[in-house]
Amino acid sequence: MRTAKAGAAALVAVPLALGGMASQSRAQDASPSPSGTFGPGCAGISQKASTAKDKVTEAAAAYPQLSQLVSAAVRARLSGTLDEKSPITVFAPDDQAFQKVTASQLTSLLQNQGQLKKVLTYHVVDQQITPNELSHGSFTTVEGGKLTTSGSGTDFKVNGKANIVCGNIKAANATIYVIDSVLQPPSS
């Protein structure tokens, strides 16, 4: 279990030097937004009773469906600094998201530590994003690229393609949205 927690720590531990303060523009959503955890995949997400008191790394370790992401983060050798940041949002690709990536693409990504860090930090926003902000959101990621969200009710997408399968999972310093695709940062 210690290895899982260490791996989870690596998952969200992105050096602050890669980040900066995220900026965003918000659109007001007239439709009601969920106040708790939501999404079609929440029933299938194995989790402990509550992660609200855990820092994001320990909270991520509670979700076995994030094991591929944790493994990738360990390989990227990301440090544990995000546990000290508050508030943040993590768009966390589940294991099924990694299965959508071809074997050759995944192998290439895992062998390039710089590119792997870039991809993983593109999934982290240096602020808390609430369900109300998901309707028509535009956010700057820790990687430095833009990420957009759209949808309503409990049906949201990230960058027009990744579905939020379980959202608004609370950790002590983060909000986690589990997504069904690995996001790619915009080309430089």
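Q: In α6, which residues are buried?
A: The model is predicted. Buried means under 20% relative accessible area. In α6, the residues that are buried are Leu116, Val119, Leu120 and Thr121.

Q: Which elements do the buried residues of α6 pack against?
A: Helix α6 covers residues 113–121, and Leu120 is one of its buried residues. The elements that the buried residues of α6 pack against are α3, α5 and β3.

Q: What percentage of the residues in the protein chain is buried?
A: The protein chain has 188 residues. A residue counts as buried when its relative accessible area is under 20%. The buried share is 49%.

Q: Which residues touch the most other members of the largest nonpolar core?
A: In soluble globular proteins, nonpolar side chains tend to be buried together. Here the largest nonpolar core has 32 residues. Those that touch the most other members are Val56, Leu120, Ile176 and Val178.

Q: Which residues is Ile176 in contact with, leaving aside its neighbours within four places in sequence?
A: Contact means heavy atoms within 4.5 Å. Ile176 is one of the residues that touch the most other members of the largest nonpolar core. Leaving aside neighbours within four places in sequence, its contacts are Val56, Ala59, Val90, Ala92, Cys166, Gly167, Asn168 and Ile169.

Q: In β7, what is the bridge partner of Val158?
A: Strand β6 covers residues 155–158 and runs antiparallel to β7, with two bridges joining them. The two strands form a hairpin with three residues between them, and Asn159 in the turn has a positive phi of about 55°. In β7, the partner of Val158 is Ala162.

Q: In β8, what is the bridge partner of Lys170?
A: A hairpin joins β7 to β8 through three residues. These strands pair in the antiparallel sense over four bridges. In β8, the partner of Lys170 is Thr175.

Q: Which element gives the most to the lining of the largest pocket?
A: About 180 Å³ of space lies in the largest pocket. The elements that give two or more residues to its lining are α4 and α5. With three residues, the one that gives the most is α5.

Q: How many residues of the lining of the largest pocket are charged?
A: The lining includes Phe98, Lys100, Leu106 and Lys161. Its residues divide into seven nonpolar and three polar, and the charged ones number two.

Q: Is Ser150 buried, exposed or partly exposed?
A: Ser150 is placed in strand β5, residues 146–152. Its relative accessible area is 29%. Buried means under 20% and exposed means over 50%. Because 29% lies in between, Ser150 is partly exposed.

Terms used
Residues are numbered from 1 along each chain as its sequence is written. This is a predicted model: local features need pLDDT of at least 70, side-chain atom pairs count only at pLDDT 80 or more; totals for chains, interfaces and linings use all residues. Side-chain values use heavy atoms; hydrogens and water are left out. On a 1 Å grid over the protein atoms alone, a cavity is a set of points where a 1.4 Å probe fits but cannot get out, and a pocket is an open set with protein on both sides within 12 Å along at least five of seven lines; lining residues have an atom within 4 Å of a point. Grid points are joined across faces, edges and corners, and a volume is the space filled by probe spheres set on the points. Ala, Val, Leu, Ile, Met, Phe, Trp, Tyr, Cys and Pro count as nonpolar, Asp, Glu, Lys and Arg as charged, and the others, Gly among them, as polar. A nonpolar core is a set of buried Ala, Val, Leu, Ile, Met, Phe, Trp, Tyr and Cys residues joined through side-chain atoms within 4.5 Å. Buried means under 20% relative accessible area, exposed over 50%, partly exposed in between (1.4 Å probe, protein chains only). Two strands pair if DSSP finds at least two bridges between them.
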